[in-house]
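Open the structure in a viewer and keep the selection panel at hand. The tour goes from one stop to the next, and each stop says what to select.

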Amino acid sequence: MSMKFEGYPHIIDSHQFSPEWINEILFPLANRMEKRECIGNKVKSLVGKEMVSFFVGESLRTRASFEIAFRRLGGEVIFGSEAARKFSSMAKGESLEDTIVVLNEYLMKCNESFDGYSGVIVLRTDQEGDAARAAEVSQVPVINAGDGPGQHPTQALLDLYTIQKHLGGINGISIAMIGDLVGSRTIHSLAYLLGKYSDVKMYFVSPEHLQIRAGIKEYLLRHNIAVQELRDLREVAGLVDVFYQTRTQTNFGTEKWDRKDETNGFTIIDKEVLSLAKKNAIILHPLPCTDEIIREEVDEDPRAVYLKTKNGKMSQVRAGVYIRQALFSLIFSSEQ
Ligand code: NCD
């Protein structure tokens with residue numbers, strides 16, 4: 001199977017990846033990244049490669065994990081903009097396209113010695129569709145690290161990797177996607193990607209005003225995915241293999257709501273939900289986590305794998321570094 005994914009070398013949305021490519025190329029490579037790290041075998045496959053880390057939107061975790069992944073493979077982060085919105089020329093009215101072309105000029109090396117890509121732009125913005133616009137004008141790969149409430153494809157890949165690690169497979173799983181289904185780009189990317197697997201059952205648990213987009217629901221139904229929308233997580237807590245909890249996306253305009261009341265339903269993970277959950281279910285959260293998981297009741301449960309795990313099991317956050325290392329090494333691999 002080709003190491004290239006659809007739309008290579010840009011990573012814009014989760015539609016680009018097939019279960020076969022994920023299973024045969026990405027996951028084995030992520031496993032190798034993990035193994036190498038454990039035995040201290042440092043492979044510097046990105047020496048001479050440069051990354052621009054352009055985050056217009058807020059980020060700590062995602063940005064750190066991209067930068068750590070790149071540096072671990074020997075690449076250099078040559079420009080990282082904190083609060084790029086404030087300091088970039090975009091604040092002065094420059095178009096995103098111009099900004100990307102400028103960054104390309106900085107990243108592209110002399111044509112004669114050009115072998116493969118010399119750099120990569122990791123981009124986070126507040127506007128849906130920005131990553132696709134950036135890729136249109138970019139010679140160097142653009143990676144979408146979140147475009148407003150649009151997509152966050154690398155997060156979906158690491159979510160699947162975490163599921164694979166804990167449950168041993170993805171086909172046939174039941175998953176509850178919980179919370180702000182309108183504003184959560186991680187849910188959008190994960191739902192699209194899971195739509196490509198077989199026998200998946202998805203429960204979307206949210207208040208009525210934050211239901212999953214009609215377009216995603218239609219896509220899932222077209223792909224023969226069993227979809228159910230509901231308000232009370234407790235109704236399906238005993239049925240699912242994966243709980244995927246999300247915070248209120250106040251940064252995209254969602255107002256905080258009461259997660260435990262008559263009209264909005266029940267969308268919190270607490271000890272009551274844990275008591276109903278299967279013994280081998282897992283609880284995921286893309287983080288940051290605010291009040292949607294009762295941390296003092298859930299964190300120590302072995303099913304909670306969003307942050308830290310016991311007995312050397314893979315945490316969702318750590319999975320992010322290995323998946324991003326694997327993606328970078330695929331993008332820059334000379335064996336295409
Ligand atoms: C998510 C994001 O930014 O979309 N977090 C992340 O990338 N780690 C989720 C969120 O902000 O709630």
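**The sheet**

Select Phe-54 first: Phe-54 stands opposite Ser-81 in β2. This is a predicted model, in which local features need pLDDT of at least 70 and side-chain atom pairs count only at pLDDT 80 or more, while totals for chains, interfaces and linings use all residues. Residues are numbered from 1 along each chain as its sequence is written, and side-chain values use heavy atoms, with hydrogens and water left out. Helices (H or I, at least four residues) and strands (E, at least two) are DSSP runs, numbered from the N terminus.

Now select residues 50–55, which make up strand β1; β1 and β2 pair in the parallel sense over five bridges. Two strands count as paired if DSSP finds at least two bridges between them.

Widen the view to the whole sheet. Its four strands follow the order β2-β1-β3-β4, the sheet is open, and the pairing is parallel. β2 (76–81) and β4 are at the edges with a single partner strand each, so one side of each has no neighbour in the sheet. From one strand to the next, the twist averages 15 degrees.

**A residue in β4**

Select Asn-144, in strand β4 (residues 142–147). Is Asn-144 buried or exposed? Asn-144 is buried, at a relative accessible area of 0%. Buried means under 20% relative accessible area, exposed over 50%, and partly exposed in between (1.4 Å probe, protein chains only). Leaving aside residues up to four places away in sequence, Asn-144 touches Ile-11, Ile-12, Leu-123, Ala-131, Gln-151, His-152 and Pro-153; contact means heavy atoms within 4.5 Å. A polar atom of the Asn-144 side chain is 2.7 Å from the backbone nitrogen of Gly-146.

**The ligand**

Select the ligand next. Which residues surround the ligand? They are Thr-62, Arg-124, His-152, Gln-155, Arg-185, Thr-186, Arg-247, Gln-249, Pro-286, Leu-287 and Pro-288, where a residue is listed if one of its heavy atoms lies within 4 Å.

Show Arg-185: an N or O atom in its side chain is 2.6 Å from an oxygen atom of the ligand. Then show the backbone of Pro-286, where an N or O atom lies 3.1 Å from a nitrogen atom of the ligand. For a backbone N or O atom of Leu-287, the distance to a nitrogen atom of the ligand is 2.8 Å. On its own the ligand has 310 Å² of accessible area, and the protein covers 95% of it; areas come from the Shrake-Rupley method with a 1.4 Å probe.

**Backbone stops**

Most residues other than glycine have a negative phi, and most peptide bonds are trans. The remaining stops depart from this pattern.

Select Leu-287 and Pro-288, joined by a cis peptide bond with omega about 5 degrees. Pro-288 lies in the loop between β11 (282–284) and α10 (295–298). Tyr-8 and Pro-9 are also joined by a cis peptide bond, and Pro-9 lies in the segment before α1 (19–38).

Finish with Asp-199, whose phi is positive, near 55 degrees. Asp-199 sits in the loop between α7 (185–194) and β6 (201–205) and is exposed, at 64% relative accessibility.

Conventions:
Polar contact = N/O pair within 3.5 Å; in protein donor to acceptor, adjacent residues only side chain to side chain. Axes fitted to C-alpha atoms, helices over the stretch in contact; angles between N-to-C directions.
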